[in-house]
Amino acid sequence: MDRLVLRQPDDFHVHLRQGSASADWARDAQKAGFARVLVMPNTVPPVVDSASLMRYRHSLAAAAPGLGLLMTFKIMAGMTTETLTALKAAGAVAGKLYPEGVTTNSADGVRHLKDAYPVFEVMQELDLVLCLHGEDPGAFTFDREVVFLKDFRALRQAFPRLRIILEHISTREGLETVREAGERTAGTLTAHHLLYTFDDLAGGALRPHLFCKPLLKRSEDRAALQAAAVAGEKQFFFGSDSAPHAKSNKEAALCSAGCYTMPVSLPLLASFFEERGALEKLDPFLSVFGAEFYGLPRNPGQLVLERRPWVVPLEYHGAVPPNAGETLDWQLQEV
Ligand code: DOR
Ligand code: ZN
């Protein structure tokens with residue numbers, strides 16, 4: 001088989017940044033084949049109210065007409081019901097919780113999860129989805145996700161009607177916790193956590209373009225993530241956590257966290273599902289489970305992937321994808 005016809009997919013976790021560069025990242029999402037993207041709010045300044053959300057969506061829509069923009073806001077402790085209601089009215093579909101200091105642009109994040117409980121209460125009433133960066137900043141870096149899961153379980157119990165997503169799951173325990181938490185709970189999986197381990201990042205020469213938060217983990221964790229994706233478990237769907245940084249900020253003494261994977265996600269995932277004999281599970285992972293969880297219709301359009309080797313560009317607008325210069329088997333048919 002040399003041609004794969006897929007429903008146009010969604011990417012339920014992207015960073016499109018701010019300012020003039022965001023036009024490039026938004027257009028890349030379209031070129032990469034995505035119909036809709038869930039846009040993360042950790043811009044500078046962050047998206048924290050209806051005015052900033054509408055401004056941001058407007059600038060992205062102008063840059064990439066036709067791209068479905070699912071907007072989020074950054075959860076701040078002390079956000080009022082009024083602010084949250086206005087965000088919902090402005091079209092926000094989800095709020096994103098960043099624990100303080102765990103990743104790029106999160107110094108203004110929430111210190112203790114409990115500090116944001118009053119916000120979660122209102123989000124539950126408004127039926128806004130809660131997206132979690134699930135890492136405890138007080139724990140050792142490698143253990144941050146697993147340590148966070150205790151708070152996650154308490155949160156799950158405290159807000160039974162809230163839809164909660166554990167973003168970019170990186171551990172076996174993270175998957176297990178989401179499974180046990182039941183159907184109002186889901187997790188996103190990135191291409192990089194599915195394909196790489198900490199050894200790829202730092203087992204030999206350091207590869208800064210694989211440095212992200214949460215860190216890539218052990219091969220046992222990766223195997224668990226891979227099994228969840230190819231089994232077609234509906235609680236787990238694709239969110240690339242595509243996070244472009246300038247090459248000069250990645251190949252640096254202080255390397256920024258984030259992998260720019262959006263342009264290569266579909267070819268990588270096609271090869272990955274094919275190698276495991278699970279190509280029929282690719283469409284639900286990319287285009288069905290996430291839409292269902294968010295209560296969105298499936299995308300009507302289609303795209304075609306062709307088996308035609310191509311070499312991943314060394315840069316996209318100054319950001320280097322983790323597998324720059326490598327040859328991939330599948331590529332998107334130009335329309
Ligand atoms: O590696 C990451 N980069 N993880 C995140 O959670 C945020 C992202 C970014 O914004 O660069
Ligand atoms: Zn992210």
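Reader: How far is an oxygen atom of ligand 1 from an N or O atom in the side chain of H133?

Author: The distance is 3.2 Å in this predicted model. A polar contact is a pair of N or O atoms within 3.5 Å; within protein, one must be able to donate a hydrogen and the other to accept it, and residues adjacent in sequence count only if both atoms are side-chain atoms. For R17, a polar side-chain atom lies 2.8 Å from an oxygen atom of ligand 1. A polar backbone atom of G258 is 3.2 Å from an oxygen atom of ligand 1. Taken alone, ligand 1 exposes 290 Å², and the protein buries 100% of that (accessible areas by the Shrake-Rupley method with a 1.4 Å probe).

Reader: What conventions apply to the numbering and the model?

Author: Residues are numbered from 1 along each chain as its sequence is written, with chains lettered from A and ligands numbered from 1 in the order in which they are written. The model is predicted, so local features need pLDDT of at least 70, side-chain atom pairs count only at pLDDT 80 or more, and totals for chains, interfaces and linings use all residues; side-chain values use heavy atoms, leaving out hydrogens and water.

Reader: Which residues around ligand 1 come nearest?

Author: A residue is near a molecule if one of its heavy atoms lies within 4 Å of it. Of the 14 residues around ligand 1, the nearest are R17, N42, K213, H245 and A257.

Reader: Which atoms coordinate the zinc ion (ligand 2)?

Author: Donors are N, O and S atoms within 2.8 Å of the metal (3.2 Å for Na, K and Ca); water is not among the atoms, so sites may look incomplete. Here they are H13 (NE2), H15 (NE2) and D241 (OD), at 2.0 to 2.1 Å. Along the chain, the donors follow the spacing H-x1-H-x225-D.

Reader: What should I look for in the backbone?

Author: Most residues other than glycine have a negative phi, and most peptide bonds are trans. D241 has a positive phi of about 50° although it is not a glycine. The peptide bond from V44 to P45 is cis, with omega near -5°. Another cis peptide bond runs from K213 to P214, with omega near -10°.
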